[in-house]
Amino acid sequence: MIIYSFLFFIALMLIIGLYAASKSKSTTQDYILASRNVGPLATALSAVSTCHSGFMFIGMIGFTYKFGVSASWMVFGWLIGDYIAWKWVYPKLRSETEKSNTLTLPEFIVRHLSPNRKQKPQWLIGGIIFIFVSLYAAAQLIAGSKALVIFLNTNQTIGILIGAGIVLIYSVSGGIRASIWTDVIQSIIMILAMLGLLIVALLKIGGPIELFIQLNNINPSLANPITNFNLMSILYILGWCAFGIGVIGQPHILTRPMAINSTTNMAKSRKIYLSWYTFFSSAAILIGLCTRVLLPELINNDPELGLPLLALQNLPEIFVGLILAGIFSACISTADSQILVCASTITQTFLPKKYQNILASRITTLITLTLIVFFSIFASKSVFFWVIFSWSILALIIAPLVFAQSYKIKLSPNTIFGSTIITIAFFYLWVFKLKLSSSINEVFPGFLIIGGFLFLVRKYNSYDQKY
């Protein structure tokens, strides 16, 4: 029954994806940005499905399991970042990319440079996007495979291949249009799965009040968002707020507002997006807390398996299939977008103009998917690690450049290279040498350093005015 229920929802997703592919036009612009003709509802639901993905079902549950209510600061930070992006960056990005007829972020970021000076910085940005979005996509396939391991007792490699196969069926043929259309049904499956499991878990515990009583009995810090409120607590919160603003640097998410049919519809999409995200993320936090109470033994195992195990132990098989479909849909909805972004980055950045066509895009998508599958199979880190790692790097390198270009702040190739080198050096020092990420997320101090660098260069370096 679990398999039948799961297959039903996956088949529904595939039918929609293939139908969308049949409606796609044989142009590069349609493959990459759906001809900039996506409605506000589809834009919003696609964005939430792409942004809040398998990480919410797997990584976020594990994080909440370990740290309790304080994990909600991550959600709060994302909410702040999303609002800033939708309100002040996405409309500018949509308008400016259409004016300059640019389809990808590397093209957009270097659009102001003279032809003889834009190639190297465009290659740099394209390479960074390809590498770190690929790692992010691999994390989604790993998250989906973890769910299949628990629910269907399959090998993790088989789970990765199944996820990749589903992406292959509609993404290679339909491009971003197929991805967006399937995202809509995936977002609905995700919210039904999360809410259904939350209701059952709370009923078993005895309600929200009993949940927090039991959390306090296990460890008082689990029920306290700020155990000892001090300067470090404030910096911790600011770290996650900066992390949320880092959405401006996530190419697979930015393609959604770039594809909306009009900037006037951006406000409508923003309201739908923020409402859905607040509801969904709150449910994810509560499920993570319920898992801590109902499955205390996971503290010595893998907390990222909490939601699948909770569903297996507390739901009828037909609803377990819905949960599995929800997790898998969340993973696929992000992975397909990221794979398409990687492929479009390669074709539009590294291939000569005469090869920037729909066939090249499809072939590159297939090759990219193969590489990501290979990495997914041999990766050893957790979903949480790879998502946070990739998100942070993209936030620190890409977000300042996207913001600058959206507001027509022109940066020279030297400045782009300089900010990238400083970012990588800072990230390595903060995360791997000083190991301060658990205290303050690296995006907050990183933004301060990169922002300071860009300000000083613009103010005092006259060479930077020459492009």
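Colleague: In which hand does α5 pass α12?

Modeller: In this predicted model, the two partners are helix α5, residues 72-100, and helix α12, residues 266-294, whose axes come within 11 Å. The crossing of α5 past α12 is right-handed.

Colleague: How are α5 and α12 oriented relative to each other, roughly parallel or roughly antiparallel?

Modeller: The axes of α5 and α12 cross at roughly 165°. Angles over 145 degrees count as roughly antiparallel, so α5 is, relative to α12, roughly antiparallel.

Colleague: Which class of residue has twelve members in the contact of α5 with α12?

Modeller: On the α5 side the contact includes Trp78, Tyr83, Trp86 and Arg94, while α12 contributes, among them, Met266, Arg270, Tyr273 and Ile285. By class, four residues of this contact are polar and four are charged, and the twelve are nonpolar.

Colleague: Turning to the largest pocket, which residues are the closest to its centre?

Modeller: The largest pocket has a volume of about 810 Å³, and 35 residues line it. Its lining divides into 16 nonpolar, 13 polar and six charged residues. Of the lining residues, the closest to the centre are Phe63, Phe67, Phe384, Ser437 and Ser438.

Colleague: Which helix supplies the largest share of the lining of the largest pocket?

Modeller: At least two lining residues come from each of α4 (54-67), α10 (231-245), α16 (383-406) and α17 (413-433). The largest share amounts to five residues, and the helix that supplies them is α4.

Technical notes
Residues are numbered from 1 along each chain as its sequence is written. This is a predicted model: local features need pLDDT of at least 70, side-chain atom pairs count only at pLDDT 80 or more; totals for chains, interfaces and linings use all residues. Side-chain values use heavy atoms; hydrogens and water are left out. On a 1 Å grid over the protein atoms alone, a cavity is a set of points where a 1.4 Å probe fits but cannot get out, and a pocket is an open set with protein on both sides within 12 Å along at least five of seven lines; lining residues have an atom within 4 Å of a point. Grid points are joined across faces, edges and corners, and a volume is the space filled by probe spheres set on the points. Helices (H or I, at least four residues) and strands (E, at least two) are DSSP runs, numbered from the N terminus. Ala, Val, Leu, Ile, Met, Phe, Trp, Tyr, Cys and Pro count as nonpolar, Asp, Glu, Lys and Arg as charged, and the others, Gly among them, as polar. Axes are lines fitted to C-alpha atoms, for helices over the stretch in contact, and angles run from 0 to 180 degrees between N-to-C directions. Angles under 35 degrees count as roughly parallel, over 145 as roughly antiparallel, 65 to 115 as roughly perpendicular and the rest as oblique. A crossing is left-handed if the near helix is turned anticlockwise from the far one by less than a right angle, and right-handed if clockwise. Contact means heavy atoms within 4.5 Å.
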